Amino acid sequence: MTREEFLEFLKEKKALVDQKLEELLPERDEPGARVISAMRYSLMAGGKRLRPVLCMLGAEAVGRRGEDFLLFACGLECLHTYSLIHDDLPAMDDDDLRRGKPTCHRAFDEATAILAGDGLLTLAFELFSSPELLEVTSPERLLQAVHLVAQAAGASGMVAGQMADLLAEGREISPEELSYIHRKKTAALLSASVVSGGLLAGAPANDLRALETYGEALGLAFQIVDDILDVVGEEEKLGKPVGADIRKKKATYPALLGLSEARNKAKELIETAVSALQVFGPKAEPLKALARFVLSRQN
Ligand code: GRG
């Protein structure tokens, strides 16, 4: 699958997710509807929809139709969007822009943004437990998938990663601590997204292990690329290399290893991710293309 073919493929999958989310969360006319508007504002702000796409492709790698699990996949996007809204809050990263638009607390207000995050996190579990999913998977499989995603998102996954990241601010950290932050904050949910698709699709244990290896390596590479894009963006703004200055800011692989070594590390991880997919043969072609896309993405 070429990059162009994959981009077209991604556009189609993304459209499925966008349309379903639109259907699931209509505007309302009631006293509390402001929170719905804030949830919709962030949810429909143009995210890449990687987590829902990973879930659908995890199911496709084992021979099922990804779209069957669209409700679950949409739950993953709600969960991800909650984490972005809360991450942008003044008490956390204090960001003004997200997905090229004012952050939720800037467009609305802080209390509304907190509630919008709470609403999206809860909506995620409402979608994961949709009775319609029992028409396409078994109750055991569904329960395992919800449990897996809850573990990846909660205080032993993404929330722990965010905590460690906040505690690491302004001081030097070891490569081990950095790897912990990346695994928990970013890789855990990306990996759970693709594994949950496999689980719902009824994949056997060794296929699930392969998807987990893929998801973990992809997630780590994703975070490194994110940090590289930050440095490159900064350099473009400044018109010169940021050099050692990056070390003083957040701990990242570009700060720890330099840009070129960080790029090599991301490449190695993508190779690991792609090799883990051998067991699936051609059905995993889109997952391979997605991994290569993560390496070359510009936003
Ligand atoms: C607040 C519990 C809590 C967790 C926050 C996700 C997160 C943890 C922080 C976001 C900070 C950040 C930029 C992390 C880097 C990796 C990442 C999750 C990037 C954003 O994901 P994309 O690129 O975003 O998939 P889009 O906008 O395409 O959905």
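**Exercise 1. Determine whether the radius of gyration of the protein chain agrees with that of a compact globule.**

Solution. The radius of gyration is taken over C-alpha atoms, and the globule rule is 2.2 Å times the number of residues to the power 0.38. For 299 residues, a compact globule would have a radius near 19 Å; the protein chain has 19 Å, and therefore agrees. Along its principal axes, the C-alpha trace spans about 55 × 55 × 35 Å.

Two conventions apply throughout. Residues are numbered from 1 along each chain as its sequence is written. The model is predicted: local features need pLDDT of at least 70, side-chain atom pairs count only at pLDDT 80 or more, and totals for chains, interfaces and linings use all residues.

**Exercise 2. State how many helices and strands the protein chain has, and describe the span of H10.**

Solution. Helices (H or I, at least four residues) and strands (E, at least two) are DSSP runs, numbered from the N terminus. The protein chain has 14 helices and 2 strands. H10 has 34 residues, and its first and last C-alpha atoms are 49 Å apart, close to the 50 Å expected at 1.5 Å a residue; the expected span is 1.5 Å times one less than the number of residues. Just after H10, Gly239 takes a positive phi of about 75°.

**Exercise 3. Describe the shell of residues around the ligand.**

Solution. A residue is near a molecule or strand if its C-beta atom, placed from the backbone, lies within 6 Å of it. The ligand has 16 residues around it, of which Gly47, Lys48, His86, Asp87 and Gln162 come nearest. Helices H4 (70-88), H8 (158-168), H9 (175-200) and H10 (205-238) are the elements that give two or more residues to this shell. The largest share, 5 residues, comes from H4.

**Exercise 4. Is Leu76 buried or exposed, and which residues does Leu76 touch?**

Solution. A residue is buried if 20 or more other C-beta atoms, placed from the backbone, lie within 10 Å of its own, exposed if 12 or fewer, and partly exposed in between. Leu76 lies in helix H4 and counts as buried because it has 31 C-beta neighbours inside 10 Å. Two residues are in contact if their C-beta atoms, placed from the backbone, lie within 7 Å. Not counting residues up to four places away in sequence, Leu76 touches Arg51, Pro52, Cys55, Val149 and Ser193. In the protein chain, buried residues make up 45% of the 299 residues.

**Exercise 5. Where are Arg49 and Asp94 found, and is each buried or exposed?**

Solution. Most residues other than glycine have a negative phi. Arg49 has a positive phi near 65°, and Asp94 has a positive phi near 55°. Arg49 is in the loop between H2 and helix H3 (50-61), whereas Asp94 is in the loop between H4 and strand E1 (97-98). Arg49 is buried because it has 23 C-beta neighbours inside 10 Å; Asp94 is exposed because it has 11.

**Exercise 6. Identify the residues in contact with Lys283.**

Solution. Lys283 is found in the loop between helix H13 (259-275) and helix H14 (285-296). Leaving aside neighbours within four places in sequence, Lys283 is in contact with Glu60, Ala61 and Gly63. Lys283 and Glu60 are 223 residues apart along the chain, yet their C-alpha atoms are separated by 6.7 Å.
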